[in-house]
Amino acid sequence: MLAPLVLATVALASAHHGGEHFEGEKVFRVNVEDENHINVIRNLASTTQIDFWKPDSVTQIKPHSTVDFRVKAEDIVTVENVLKQNELQHEVLISNLRNVVEAQFDSRVRATGHSYEKYNKWETIEAWTQQVATENPALISRSVIGTTFEGRDIYLLKVGKAGQNKPAIFIDCGFHAREWISPAFCQWFVREAVRTYGSEIQITELLNKFDFYILPVLNIDGYVYTWTKSRFWRKTRSTHAGSSCVGTDPNRNFDAGWCKTGASRNPCDETYCGPAAESEKETKALADFIRNNLSSIKAYLTIHSYSQMLIYPYSYAYKLGENNDELILLLGALTTGLMTKESDMPSPLNSEIQADMALSFQNPRSRLPARRRCWQSSTLPAMSWNTCTSRES
């Protein structure tokens with residue numbers, strides 16, 4: 001009886017991601033101290049199957065940093081030997097990726113329909129956008145701002161009490177297909193807005209004074225692909241003339257420092273910027289909507305995962321935004337709010353962290369490079385997202 005049960009479990013997990021099983025795959029974290037270490041990682045990447053999680057590609061590795069990457073089971077011994085031979089300090093973050101992936105799907109106990117506490121397929125999210133708008137007509141409306149490369153509608157939810165000439169805040173999720181926690185955040189945000197409107201003063205005031213544009217999933221084609229074929233697919237699913245490689249990094253496809261620092265012109269790379277700025281239907285639809293509503297949109301947030309950072313302009317150049325002082329004040333208030341919210345939890349949010357944050361915001365110009373200007377602390381509880389007002393995640 002045990003053998004059939006095990007086989008059924010394997011079949012269940014494999015059905016979600018095109019036969020990928022991830023058995024024996026590992027995720028490493030490597031300390032990189034100098035250019036020699038970077039060259040070791042670069043050589044490894046050219047001879048073995050390495051999937052970079054942080055940073056996004058080998059070209060972005062800097063001295064005095066850590067690098068996280070996934071390694072196929074057949075390459076584990078080679079990678080471990082190279083790291084040991086070159087005396088690169090490292091640790092194994094995930095010893096068997098299959099276990100983690102199967103826990104994400106959690107299909108055996110999933111309730112039918114949409115769930116705010118589990119990851120949802122695109123078809124379920126699509127139906128949810130209609131349902132939540134239908135059930136809350138006084139607060140939510142749904143529209144289509146464009147279509148994806150494969151022809152799927154890109155839905156946008158407008159959340160807020162009806163009113164004239166209201167300022168708006170734009171929030172999008174699901175840029176990178178494999179970052180499932182990002183669309184889950186947008187769904188949760190909408191749920192909390194509906195659930196607490198009229199009962200919590202702050203939420204009620206916000207929805208009375210502002211409209212929130214919520215884009216639950218931008219890279220829908222890629223998101224579907226992570227459920228059906230490849231769990232760790234990152235890019236869009238567009239095709240390119242002259243290349244057999246598929247997809248563009250939508251984060252690097254905007255007409256803002258297009259294809260400069262941190263982007264690749266190689267269609268096979270994870271950070272491929274596309275053949276031209278806004279070549280992707282998804283990024284073009286998003287950019288067009290923001291341009292058409294620029295007079296009302298006062299803030300723009302994009303939710304990503306695998307970080308504990310709050311990032312703000314600019315990320316493609318060493319320069320400050322015109323409203324840098326205002327951004328500093330906003331981020332200071334936000335991080336103070338995060339500390340307050342988490343203060344009752346058993347976590348290391350203590351005076352050391354508060355001092356660290358205070359130093360970062362007292363004189364940010366002298367402490368943080370403009371290319372990735374943010375506050376970050378490794379001691380914060382895992383939030384699984386980073387709020388960026390720039391395009392480099």
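Arg29 has Glu91, in strand β4, as its bridge partner. The model is predicted: local features require pLDDT of at least 70, side-chain atom pairs count only at pLDDT 80 or more, and totals for chains, interfaces and linings use all residues. Residues are numbered from 1 along each chain as its sequence is written, and side-chain values use heavy atoms, with hydrogens and water left out. Helices (H or I, at least four residues) and strands (E, at least two) are DSSP runs, numbered from the N terminus.

- Strand β1 (residues 26-32) pairs with β4 in the antiparallel sense over 4 bridges; two strands count as paired if DSSP finds at least two bridges between them.
- The open sheet has 4 strands in the order β2-β3-β1-β4, with antiparallel pairing.
- β2 (50-54) and β4 (90-94) stand at the edges with a single partner strand each, so one side of each is left without a neighbour in the sheet.
- On average, neighbouring strands of this sheet are turned by 30° against each other, direction ignored.
- Helix α3 (residues 76-85) lies across β1, β3 (65-71) and β4, and runs at about 15° to β1. Axes are lines fitted to C-alpha atoms, for helices over the stretch in contact, and angles run from 0 to 180 degrees between N-to-C directions.

**Helix α6**

- The 16 residues of α6 (residues 181-196) should span 22 Å at 1.5 Å a residue, and the end C-alpha atoms are 22 Å apart, which agrees. The expected span is 1.5 Å times one less than the number of residues.
- Ser182, Pro183, Cys186, Gln187, Val190, Ala193 and Thr196 of α6 are buried (under 20% relative accessible area, with exposed over 50% and partly exposed in between; 1.4 Å probe, protein chains only).
- Gly198, which follows α6, has a positive phi near 90°.

**Tyr155**

- Tyr155 lies in strand β6 (residues 153-159) and is buried, with a relative accessible area of 7%.
- Beyond its neighbours within four places in sequence, Tyr155 is in contact with residues including Trp122, Glu126, Arg142 and Ile214; contact means heavy atoms within 4.5 Å.
- The C-alpha atoms of Tyr155 and Ile145 are separated by 6.4 Å, although the two residues are 10 residues apart along the chain.

**Glu278**

- Glu278 is placed in the loop between α8 (220-228) and α9 (281-292).
- Glu278 is buried, with a relative accessible area of 14%.
- Leaving aside neighbours within four places in sequence, the contacts of Glu278 include Asn253, Phe254, Asp255 and Arg291.
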